[in-house]
Number of protein chains: 2
Amino acid sequence: MRIGALSERTGIPRRMLRYYEETGMLVPDRCANGYRDYDEQSVDRALQIRGLLEAGMPTRVIKQVLPCLKATKAIHIPGATQETMGILERERDSMSERIDTLTRSRDAIARYIDTVRGTQEAA
Amino acid sequence: MRIGALSERTGIPRRMLRYYEETGMLVPDRCANGYRDYDEQSVDRALQIRGLLEAGMPTRVIKQVLPCLKATKAIHIPGATQETMGILERERDSMSERIDTLTRSRDAIARYIDTVRGTQEAA
DNA sequence: TCCAACCTTCACACTTGTGTGAAGGTCAAG
DNA sequence: CTTGACCTTCACACAAGTGTGAAGGTTGGA
């Protein structure tokens with residue numbers, strides 16, 4: 001599929017899809033005429049990238065982390081250096097912290113909303 | 001407490017604390033000599049701000065959301081406009097999405113790590 | 001054949017969050 | 001009174017993510 005189609009299916013601007021390629025996060029094949037050629041998997045992958053970017057993860061890290069998100073039971077464990085594993089573990093932990101922070105804040109907001117709604121109802 | 005002390009207690013650079021003030025997220029009192037004067041609560045507040053920033057939430061939104069995180073049972077519900085409530089609800093939902101994305105990714109990374117560890121152990 | 005709708009690369013520009021440092025005020029301790 | 005460790009504001013700089021658009025190639029249908 002070409003970039004326009006992927007863009008429509010994901011809602012991600014063409015510009016951003018090119019940026020994902022430029023940073024090595026999502027590199028499509030190329031047709032003979034030079035057009036980008038994305039496979040079906042790219043849909044999920046692009047959405048995942050956007051989600052992580054929105055969650056504040058820098059492209060550098062996304063690039064390192066994405067391979068693990070493809071297939072857990074695949075052949076990988078390729079150049080699974082001790083160093084790579086360390087990076088992944090640190091990333092896992094910092095993600096957990098972020099999740100906690102976000103969850104606490106979201107719950108507080110939700111409580112607030114419920115409180116206000118309750119008060120207004122009672123009034 | 002002065003900015004240096006808050007910086008040391010939170011690990012947040014002075015520069016950033018000033019930035020938090022500039023953007024209206026954390027505005028301290030001022031001493032007679034012009035020095036910033038932070039109260040005890042500012043410690044938690046600053047940490048919360050940093051957490052949300054790291055989670056990709058823009059200052060604009062943090063500013064809107066922070067008041068709800070202070071005290072759920074306080075007098076607020078001040079200018080709780082219909083519009084404000086809408087913003088909060090949308091923010092709550094988008095936070096939930098982020099949490100889901102992060103959680104899925106983190107779990108995948110954790111599984112990957114465990115798989116590799118298991119494989120290496122077995123080898 | 002030619003137009004419309006795609007695609008390409010390239011480049012400028014803006015916002016945000018952050019680092020760094022200059023120029024200068026305050027204040028306590030020697 | 002001076003020195004050192006704070007503080008102030010201001011400003012320049014940079015990377016990342018994103019928008020916009022120019023200049024030009026490809027291709028399918030009227």
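Chain A and chain B touch through a contact that takes 34 residues from chain A and 34 residues from chain B. The model is predicted, and it holds these two chains together with DNA strand C and DNA strand D.

**The contact between chain A and chain B**

- On the chain A side of this contact, helix 3 (41–54) and helix 5 (82–122) of chain A each supply at least two residues, and helix 5 of chain A provides the largest share, with 23 residues.
- When the side of chain A that touches chain B is divided by class, there are 18 nonpolar, nine polar and seven charged residues.
- The copies meet through the same surface, because 100% of the interface residues of chain A are also interface residues in chain B.

**The relation between the copies**

**The build of chain A**

- Chain A has five helices and two strands, and their order along the sequence follows the pattern α-α-β-β-α-α-α.
- The domain assignment divides chain A into domain 1 (1–76) and domain 2 (79–123), and the contact between them takes five residues from domain 1 of chain A and four residues from domain 2 of chain A.
- The side of domain 1 of chain A that touches domain 2 of chain A consists of four nonpolar residues and one polar residue, with no charged residue.
- Of the 123 residues in chain A, buried residues make up 25%.
- If contacts in chain A are taken between residues at least 6 apart in sequence, 51% of them join residues at least 24 apart.

**The surface near DNA strand C**

- DNA strand C has 15 residues around it, and those that come nearest are A:Arg2, A:Gly4, A:Arg36, B:Asn33 and B:Thr59.
- At least two residues of this surface come from each of helix 1 (3–10) of chain A and helix 2 of chain B, and helix 2 of chain B gives the largest share, three residues.
- By class, the surface near DNA strand C is made up of seven nonpolar, five polar and three charged residues.

**The surface near DNA strand D**

- DNA strand D is surrounded by 15 residues, of which A:Asn33, A:Thr59, B:Arg2, B:Gly4 and B:Arg36 are the closest.
- Helix 2 (14–22) of chain A and helix 1 (3–10) of chain B are the elements that give two or more residues to this surface, and helix 2 of chain A gives the most, with three residues.
- The residues of the surface near DNA strand D divide into seven nonpolar, five polar and three charged.

**B:Tyr19 in chain B**

- B:Tyr19 lies in helix 2 (residues 14–22) of chain B, and B:Tyr19 counts as partly exposed because it has 16 C-beta neighbours inside 10 Å, a count between the limits of 12 or fewer for exposed and 20 or more for buried.
- Although B:Tyr19 and B:Gln64 are 45 residues apart in sequence, their C-alpha atoms are 16 Å apart in space.

Methods
Residues numbered from 1 in each chain as written. Chains lettered and ligands numbered in written order. Predicted model: local features only at pLDDT ≥ 70, side-chain atom pairs only at ≥ 80, totals over all residues. Near = placed C-beta within 6 Å. Helix = DSSP H or I, 4+ residues; strand = E, 2+ residues; numbered from the N terminus. Nonpolar A, V, L, I, M, F, W, Y, C, P; charged D, E, K, R; others polar. Domains from an automatic or database assignment. Contact = placed C-beta atoms within 7 Å.
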